[in-house]
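Two packed helices are described by the angle between their axes and the distance between the axes.

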Amino acid sequence: MHTQISHLLALWGTLPGIIRTTVWILIITIVVILCVAFLTLWERKVIGWMQLRRGPNRVRIFGLLPGLGQPFADVVKLLTKEVVIPTRANRFLFRLAPMLALVPALAAWAVIPLSPELVVSKANAGLLYLLALSSMGVYGIILAGWAANSKYAFLGAMRSAAQMVAYEIAMGFALVGVLMAAGSMNLGTIVGRQQGGFLAWNWFWLFPLFVVYFISGVAETNRAPFDVAEGESEIVAGFHVEYSGIAFALFFLAEYANMILISALTAVFFFGGWLSPFAGYPLIGATFLGAPSFFWLGLKVFVFLFLFLWFRATFPRYRYDQIMRLGWKALIPVTLVWLGAEMLMAAMHVGPWAGSWFH
């Protein structure tokens with residue numbers, strides 16, 4: 001068995017780089033889509049647990065594990081439903097909009113370091129690449145509302161786009177703080193600068209920026225309590241009101257894929273990515289618990305995803321004016337003030353600027 005594995009690894013090393021990259025892209029895309037499917041089930045289970053009910057517990061896989069087959073049953077149901085396109089809609093843009101919402105959420109994984117060795121692209125401008133992709137999602141929502149030729153859908157698209165733009169500015173400023181601390185736009189380098197254990201991670205020195213980034217991420221994904229784009233009592237389900245079947249499902253696939261993406265980026269930028277919280281500590285730091293690995297990144301993503309679900313089960317929906325006021329009058333000023341504080345810390349060689357790399 002060991003010989004066969006060694007032979008396969010040797011064969012893998014002889015393959016051209018483009019083939020290996022393509023294989024990793026396919027693997028990551030399939031894994032993210034499967035995680036999205038089970039995240040919908042996990043959300044319903046968590047909210048059911050918080051509300052003292054069971055959640056989905058009927059659909060099984062091969063007669064085992066009640067409820068585990070629910071995501072697959074939902075996919076089959078949506079695939080078999082008819083995709084209805086309104087008569088006066090722009091048919092091309094109507095079909096294109098779900099793709100524009102989904103593709104950036106999947107393409108962003110190209111630069112995210114999953115472990116010390118595993119990353120699809122070690123782009124030095126990875127942070128800039130992520131900022132560019134995050135702005136693409138707005139186009140999918142705008143086109144979905146406009147192409148349907150429906151006043152309700154267009155109103156929902158305008159509200160959602162205004163919200164996303166407001167919070168994207170706050171996210172961008174928060175990432176400027178991360179860039180200042182790391183001195184690089186390469187995500188692998190950003191993770192590497194945080195070595196030294198739990199208190200050496202960026203969350204400690206950039207805590208206000210971490211809070212702003214995560215709140216903005218919740219708002220960017222149109223999740224509760226910022227889900228006014230889908231306020232059924234106000235605007236009839238928002239920008240995707242005219243969509244049905246699998247086209248409707250693609251918007252929700254994009255939403256849940258973005259939840260996983262925001263959780264992963266929060267872990268990378270502020271919580272050391274694949275670094276262990278015990279690295280550098282006596283005794284335990286020398287064991288496997290102190291070694292960097294994908295396990296630590298997965299655990300951090302799990303925690304942040306749980307916060308997404310917890311927020312939905314806990315907080316009531318904000319009014320639209322409250323959401324916009326929070327973005328423009330609270331989060332953006334906080335980031336600007338803390339960027340000034342970072343300049344002082346850099347001048348005094350405090351925190352992330354105290355290491356030898358700064359000199």
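Angles under 35 degrees count as roughly parallel, over 145 as roughly antiparallel, 65 to 115 as roughly perpendicular and the rest as oblique. Axes are lines fitted to C-alpha atoms, for helices over the stretch in contact, and angles run from 0 to 180 degrees between N-to-C directions. Helices are DSSP runs of H or I with at least four residues, numbered from the N terminus. The model is predicted: local features need pLDDT of at least 70 and side-chain atom pairs count only at pLDDT 80 or more, while totals for chains, interfaces and linings use all residues. Residues are numbered from 1 along each chain as its sequence is written, and side-chain values use heavy atoms, with hydrogens and water left out.

Helix H9 (residues 207–220) packs with helix H11 (residues 245–270) at an angle of about 170°, the axes being 10 Å apart. H9 and H11 are therefore roughly antiparallel to each other. In this contact (heavy atoms within 4.5 Å), Leu-209, Phe-210, Tyr-213, Phe-214 and Gly-217 of H9 meet Ile-262, Leu-265, Thr-266, Phe-269 and Phe-270 of H11. By class, eight of these residues are nonpolar, two polar and none charged; Ala, Val, Leu, Ile, Met, Phe, Trp, Tyr, Cys and Pro count as nonpolar, Asp, Glu, Lys and Arg as charged, and the others, Gly among them, as polar.

The axes of H9 and helix H12 (residues 294–314) come within 11 Å and cross at roughly 60°, so these two helices are oblique to each other. On the H9 side the contact is made by Phe-210, Phe-214, Gly-217 and Val-218, and on the H12 side by Phe-304, Leu-307, Phe-308 and Phe-311. The contact of H9 with H12 has seven nonpolar residues, one polar and no charged ones.

Side chains of opposite charge can pair when their charged atoms come close. The structure holds seven salt bridges, each a side-chain nitrogen of Lys or Arg within 4 Å of a carboxyl oxygen of Asp or Glu. In one of them, Glu-43 pairs with Arg-223, with the closest N and O atoms 2.3 Å apart. Glu-43 lies in helix H2 (residues 17–50) and Arg-223 in the loop between H9 and helix H10 (232–235), 180 residues apart. Glu-43 is buried, at a relative accessible area of 2%, and Arg-223 is buried, also at 2% (buried means under 20%, exposed over 50%, partly exposed in between, with a 1.4 Å probe and protein chains only).

Glu-43 also forms a salt bridge with Arg-312, at 2.9 Å between the closest N and O atoms. This pair links H2 to H12 across 269 residues. Arg-312 is partly exposed, at 43% relative accessibility.
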